[in-house]
Amino acid sequence: MIGLTQRACAGKGAKLANKRGVGDQRGARGVIPTGGDFKVTRKNYLFTSESVSEGHPDKVSDRISDEIVDEFFRQGAKAGMDPYAIRVAAETLCTTNRVVIAGEVRGPHLAFEHIEDVARNAIKDIGYEQDGFHWKHARVEVLLHEQSADIAQGVDAAGNKDEGAGDQGIMFGYAVRETPDLLPAPLYYSHKILEKLAHARHSGKEKGLGPDAKSQVTLRYADGKPVEATQIVLSHQHVDESLTPQDIRRIAEPYIREALPAEWITAGTVWHVNPTGKFFIGGPDGDTGLTGRKIIVDTYGGAAPHGGGAFSGKDPTKVDRSAAYAARYLAKNIVAAGLADRATIQLAYAIGVAEPLSIYVDLHDTGHVAEDKLEALLPQIMRLSPRGIREHLQLNKPIYARTSAYGHFGRKPDADGGFSWEKTDLADKLKAHFS
């Protein structure tokens, strides 16, 4: 259901005031109550989300930035460094046969040639060997330098001071009972379409497809549940210039049908496949890519709020990343525990300060427990300081490159600790507390 993200907040504030008590200043969140019980959810509507492939220019940049984070953790472990001391903030720009990497780091000494090799290997793995962007021939410029001492003194633990947040900001987590992995359905299936096509391309089964692609799915909701795909959009690069949009549809349609529930694609579903007519020039040769420009694709497809901070290229002292993972983890466990069908969590931090400034829970009228009770409980079952999050989710590992495409959420936890924030190992504890 669409809620706070799609409506003015005044009605929600009044509703919270009524639910939690007008006299409860904390419950009202500083919003002046206006009286009345304003509904802010809809049950019958259309909603659209998009995804982009690993070869999209912005995702190439995200991949390189996250490979650099992983390499610092990997080489730091080999050098015997404390992983809590590693700092990475790496930004990447990709354009026609050019890659520029800039940012601030602290950790093992990695020669610029080493970073260049990391970038080239990432581009090669994605599959770029075209004239305008080739893993072997692109010029790679590395402009990484030491982290600011002023920032370090606020973030580093010292004496009785706990590790502080790497920046101020707000982070959101969200979960909804629409898909097996509790992710909004339009985004979940947009990702699935591109994942299946990427697998077919990498396997060699579909040699005519290039690395760059975008998908978009519009779903019709009835009584709050997705029931039909009304529009499907796919723009997919092709390496054979003679291929037409009809050819691309013939290649892609079986994978799209495999990705979506069969009953959702009807005679009335409208298809838009390579609607410009041609998509031969793709990737950074067609559009410049930058790290952190696909934050809605990375999270909830527009179905939930976003604090504005990107994830890729950042070590987990940056709460833009780690606290967003923690918020998703808590929201997913609330829904998995059966305490609600939909949950949004907001966390807020100040640079250099360890504990969150605020914790906000919204169950969107689907909850079976009081939201303020959850707000009090959550920091008791999981420390929400940067160090506490890193310890609980075991984030000091080379697990980030895999997050750079097809979403940071709605993924299966890996045996080596990847996507640990997708576990539902708190569900039983949450359920027991309210039983």
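**Burial, pairing and phi in a predicted model**

Me: Why is Ala340 called buried in this predicted model?
Reply: Ala340 has 0% relative accessibility. Buried means under 20%, so Ala340 counts as buried. Ala340 sits in the loop between helix H9 (319-336) and E12.

Me: What makes Leu363 a contact of Ala340?
Reply: Contact means heavy atoms within 4.5 Å, and Leu363 is among the residues that Ala340 touches. The list also includes Arg177, Thr366 and His368. Ala340 and Leu363 are 23 residues apart along the chain, with their C-alpha atoms separated by 6.3 Å.

Me: How do you know that strand E7 and strand E12 pair?
Reply: Pairing takes at least two bridges. E7 and E12 (residues 342-349) are joined by 8 bridges, so they pair, and they run antiparallel. In E12, Gln346 is the bridge partner of Phe172.

Me: What makes strand E7 mostly covered?
Reply: Of the 8 residues in E7 (residues 169-176), 6 are buried.

Me: Why is Asn97 called partly exposed?
Reply: The relative accessibility of Asn97 is 22%. Asn97 is in the loop between strand E2 (87-95) and strand E3 (98-106).

Me: What makes the phi of Asn97 worth a remark?
Reply: Most residues other than glycine have a negative phi. Asn97 is not a glycine, yet its phi is positive, about 45°.

Me: Why is Asp365 called partly exposed?
Reply: Asp365 has a relative accessible area of 37%, which again falls between the cut-offs of 20% and 50%. Its phi is also positive, near 60°.

Notes. Residues are numbered from 1 along each chain as its sequence is written. This is a predicted model: local features need pLDDT of at least 70, side-chain atom pairs count only at pLDDT 80 or more; totals for chains, interfaces and linings use all residues. Side-chain values use heavy atoms; hydrogens and water are left out. Buried means under 20% relative accessible area, exposed over 50%, partly exposed in between (1.4 Å probe, protein chains only). Helices (H or I, at least four residues) and strands (E, at least two) are DSSP runs, numbered from the N terminus. Lists of a residue's contacts leave out its neighbours within four places in sequence.
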